[in-house]
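Work through these exercises with the model open. Each task comes with a worked solution.

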Amino acid sequence: MCGIVGYIGPDQAADVLLAGLRRLAYRGYDSAGITVVGDEALRTVKRAGKLDRLEAAVRETPLVGTIGIGHTRWATHGAPTETNAHPHSDCTGRISIVHNGIIENYQALKAELEAQGHVFTSDTDTEVLAHLIEREFKGDLAEAVRNALRLVEGSYAMAVVSQDAPGVLVVARQHSPLIIGHGPDAYYVASDVPALLHRTRRVTYLNDGDIARLTRDGVSLWGKDGSPRAPQIVTITWDVSAAEKGGYRHFMAKEMHEQPSALVDTLRGRLPASDQAAILSELEMTREELQKVGQVILIGCGTAYHACLVGEFALEELAGVPARAAMASELRYRDALITRDTLAVVISQSGETADTLAAMNRVKEMGARVLAITNVVGSSVDRAADKAIHTNAGPEIAVASTKAYTTQLSMLFMLALAFGEARGHLVPERARELRAAMRNLPEQAAQALAQEDVVNACASRFRGAHGALFLGRGANYPTALEGALKLKEVSYIHAQGYAAGEMKHGPIALVTPECPTVAVAVPGRVYDKMLSNMQEVRARGGPIIAVGVEGDHDLESYADAVIRVPRTEEVFSPLLAVLPLQLLAYACAVDRGLDVDQPRNLAKSVTVE
Ligand code: M6R
């Protein structure tokens, strides 16, 4: 997974490309590079490591020219070295290409091209594209790209320039996101909208199979079947500051503190006082159709999978409908029992996660109706689902997902409520109570986040920790998993999320004074059981940090420290209980001086398997 950019216009391309790459670094940051089309030749600079190194190199050797392409890489084929960094070039050095995705048949293509005399310099799959285009080029770059791509299997978003096609930039998309930005006198290319927002709000989302030729005079676009079509332009309404840090030290901090307003945006117009029709009409499902759903399968990866687990609980609890959460990466290779009365709820912040897309296509083929919950309008999941509803959380830049998760939960709660009422599982009085509780969630989230000082004090307990345990039960078992995932990914402290009742079946052996346990102990049917599990840990010398509710003073005698969140319905409590765990992971990472927004080995959206 990588980020690509392109520019054609009156300004110096290098400046525009570097600014765009900076905004795409969340997609990968193993290496970066740009090519600028000069008067005499293409000039390429690339560096292993983060973008700063490329910027420094370009400062030393300015690249002059007004057309160019750029790339920030998350390695898939070949080590993250300068040689493997993009852009890649053909044998002559007259073609330069950037690519996001995977060319699955690259080894066969490479062997064929080598037999024809082409010389490869990198270990990447991408380089075959440059040589294929070189072979197919007869004077028309778009035609050469089209002919080359006929031979290619896999996924790509790519941009290419050639010394022999002056004033032309060609792009293509297949299963990897790509957009074109339209300026008054310039055109832009990017993997994602934030890279363009400082330049234009008018964008065209390319479809799978599209190829486009950009010149200073306009954009020519051809669809999958080769026929030309006019680019459809949509206007992005996000505020540009939403894509930047807004005064916070890290995007993760900004995004955590945006959760109350993001929740307001998610709930807006979907939670009227006395009838559930608003969300139903958005779902485009009638009451009868909801009644006929035999099972719900919730599909996602990572944090989105944890949202699926919360959704499973909420749907069973509030709607009485059989529900199960499935990891997309597992489901895609299983013969799952999908029936025509299955509703698949596919959850993805980015809408571009490869495993999620594959699992979604699989259940769709098997006859399930697919409802997507995504944050990115126009993303692949958004467009491939039968129906998509958007979390409206605004762009999430930090690799660690925070506001996407809580807005996904709020969407799932609304879905469960709508199901529950339509199926007669919830009496109107109870549904009203639940909706009232939901309306309080944004304000309660703000109260929970205001506990940051208490959380920061707890973070010091993780200095020198050998590992950490996160325990939860019932509705908050997924909260334990999510707390552990957050701590692992940003602070690199090994953490294990567990259903507390399972502790005595093995993990309790891990308990030592150097292994803090975070216990989610909010009111609900398993509260007393949770207290017993905490006692079991304490009896073995393990320090405990409890997440409990305001006014629960019993907890102090079970824990070394208590972080409090407001009270809500048990079924909604995961949305509030996770907030201190996000803050905790963040505080530990900052305490350790780590790169919070771009943790090692990770990338924001995993668009390859
Ligand atoms: O964009 P998606 O929601 O499909 O992403 C799924 C996971 O890759 C993502 O949630 C990942 O686990 C996060 N980095 C966790 O913070």
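Helices (H or I, at least four residues) and strands (E, at least two) are DSSP runs, numbered from the N terminus. The model is predicted: local features need pLDDT of at least 70, side-chain atom pairs count only at pLDDT 80 or more, and totals for chains, interfaces and linings use all residues. Residues are numbered from 1 along each chain as its sequence is written, and side-chain values use heavy atoms, with hydrogens and water left out.

**Exercise 1. Backbone**

Find where Pro87 lies, then describe the bond that joins His86 and Pro87.

Step 1. Pro87 sits in the loop between strand 4 (67-73) and strand 5 (88-89).
Step 2. The peptide bond from His86 to Pro87 is cis, with omega about 0 degrees.

Now locate Asn392 and give its phi.

Step 1. Look in the loop between strand 20 (387-390) and helix 14 (403-422) for Asn392.
Step 2. Asn392 is not a glycine, yet its phi is positive, about 55 degrees.

**Exercise 2. Two helices**

Describe how helix 10 and helix 17 pack.

Step 1. Two packed helices are described by the angle between their axes and the distance between the axes.
Step 2. Axes are lines fitted to C-alpha atoms, for helices over the stretch in contact; angles run from 0 to 180 degrees between N-to-C directions.
Step 3. The axes of helix 10 (residues 302-319) and helix 17 (residues 477-491) come within 9 Å and cross at roughly 170 degrees.
Step 4. Therefore helix 10 is roughly antiparallel to helix 17 (angles over 145 degrees count as such).
Step 5. Contact means heavy atoms within 4.5 Å. Helix 10 contributes Gly302, Thr303, His306, Leu309 and Val310. Helix 17 contributes Pro478, Leu481, Glu482, Leu485 and Lys486.
Step 6. By class, this contact has 5 nonpolar, 3 polar and 2 charged residues. Nonpolar covers Ala, Val, Leu, Ile, Met, Phe, Trp, Tyr, Cys and Pro; charged covers Asp, Glu, Lys and Arg; the others, Gly among them, are polar.

**Exercise 3. The ligand**

Which polar contacts (pairs of N or O atoms within 3.5 Å) does an oxygen atom of the ligand make with Ser401 and Glu489?

Step 1. A polar backbone atom of Ser401 is 2.8 Å from a ligand oxygen.
Step 2. An N or O atom in the side chain of Glu489 is 2.3 Å from a ligand oxygen.

Methods
Angles under 35 degrees count as roughly parallel, over 145 as roughly antiparallel, 65 to 115 as roughly perpendicular and the rest as oblique. A polar contact is a pair of N or O atoms within 3.5 Å; within protein, one must be able to donate a hydrogen and the other to accept it, and residues adjacent in sequence count only if both atoms are side-chain atoms.
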